[in-house]
Amino acid sequence: MKIKSCLAFVVLLSVASSAFAERLKDIASVAGVRDNQLFGYGLVIGLNGTGDDTDFTNQSFISMLNQFGITLPDGASTDADNVAAVSLTATLPPFSKPGQAIDVTVSSLGNASSLRGGTLLLSALKGADGQVYAIAQGNLVVGGLGTNGNDGSRQAVTIPTVGRIPNGATVEKAVANSFNRGDTLTFNLNRPDFTTAKQVVDTINGLLGPGVAQSLDATSIRVTAPRDPSQRVTFLSVLENLEVELGRERAKIIVNSRTGTIIIGQNVTVSPAAVTHGSLTVTIMANPEIGQPDLPNGQPTLAPRQEIQTDEDSGHMFVFNPGASLNDIVRAVNQVGAAPGDVMAILEGLKQAGALNADVVVI
């Protein structure tokens with residue numbers, strides 16, 4: 001029998017059956033210790049004829065000249081193809097202090113064809129509360145390249161209308177946080193899980209004593225901490241490097257409908273069922289086996305055994321050993337030349353029939 005190439009790319013998350021440990025700092029964050037997003041508006045000048053000619057750019061340019069005492073006469077043209085209006089974005093890290101520098105991303109707002117070679121004029125970066133937290137200015141670093149033809153054609157390598165200014169903004173105001181307030185710290189898990197939350201509590205209490213850590217829900221763990229800032233930093237340094245055993249994730253199957261990629265989690269199992277899709281038939285049978293007891297007082301045991309068969313018009317048949325997984329089903333379907341859509345339809349059918357104990361997530 002000639003085996004056809006697989007049309008659906010299947011990845012089995014082959015994680016060991018035993019629990020594995022991660023550092024607390026990799027699976028949780030401290031409440032109140034977070035980044036803050038900043039946004040601003042500005043003008044980029046010095047472009048080599050690649051600026052924009054929008055009305056708001058001209059208005060901004062006139063406003064900038066007025067700040068320096070320059071008033072244009074009525075009817076004077078302000079069209080300048082070496083100026084571009086841009087939006088500014090930056091991330092303000094936690095505990096940033098006035099005088100420190102952060103990076104700024106500059107993006108064109110109008111019809112400028114490139115920001116290469118431009119210089120950002122002094123611009124304010126504001127937070128969600130409307131207050132100014134940083135001031136940006138500097139020369140842009142643009143990685144893209146764009147060319148225009150006389151016939152109106154354009155070709156761009158990456159994006160020349162987005163640039164970056166390393167250390168281009170100076171922090172002017174610190175953001176208040178709750179790190180040094182109260183008698184407790186709260187850890188928030190990146191992925192909520194009751195088992196992992198319990199493991200964090202047990203690990204911390206095992207080191208510092210009972211009652212130091214308490215789980216609030218599947219996400220938050222509250223820990224009693226010293227009030228003195230220096231002691232609190234040392235205390236947190238010890239906690240964030242503790243290794244915690246993670247709880248197993250829910251059984252999931254991730255299906256990318258655009259690429260045909262199927263990702264199967266380690267805890268996915270199937271029950272006896274039969275699925276027919278077009279000319280393809282998949283059968284899952286349960287054949288329990290009775291294990292012989294250990295003499296003289298042993299009890300017989302019932303061991304589950306599953307067989308999976310895949311059948312097509314040509315009569316192809318595949319039989320698997322006991323304990324076959326969902327991954328074996330998908331591989332069998334691939335071997336008879338099924339398309340990715342067939343695999344997805346079979347998985348969905350198993351889910352609807354209650355034979356698949358996993359969440360099917362389509363992205």
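**Terms and model**

A residue is called buried under 20% relative accessible area, exposed over 50% and partly exposed in between, with a 1.4 Å probe and protein chains only. This is a predicted model, in which local features need pLDDT of at least 70, side-chain atom pairs count only at pLDDT 80 or more, and totals for chains, interfaces and linings use all residues. Residues are numbered from 1 along each chain as its sequence is written, and side-chain values use heavy atoms, without hydrogens and water.

**The aromatic pair**

Searching the whole structure gives 1 aromatic pair (ring centres of Phe, Tyr or Trp, the latter by its six-membered ring, within 6.5 Å; planes under 30 degrees apart are stacked, over 60 edge-to-face, the rest tilted). Phe-95 and Phe-179 have ring centres 5.6 Å apart and planes at 80°, so the pair is edge-to-face. Phe-95 is in the loop between strand 5 (83-92) and strand 6 (101-108), and Phe-179 in the loop between strand 11 (162-171) and strand 12 (184-189), so the pair ties together parts 84 residues apart in sequence. Helices (H or I, at least four residues) and strands (E, at least two) are DSSP runs numbered from the N terminus.

Phe-179 is buried, at a relative accessible area of 7%, whereas Phe-95 is partly exposed, at 36%.

**Strand 7 and its partners**

Strands pair if DSSP finds at least two bridges between them. Strand 7 runs antiparallel to strand 4, joined by 4 bridges; here Val-44 stands opposite Leu-120. Strand 7 is also antiparallel to strand 8 (residues 132-139), with 6 bridges, and Ala-124 faces Ile-135. Their hairpin has 5 residues between the strands, and Gly-130 takes a positive phi near 85°.
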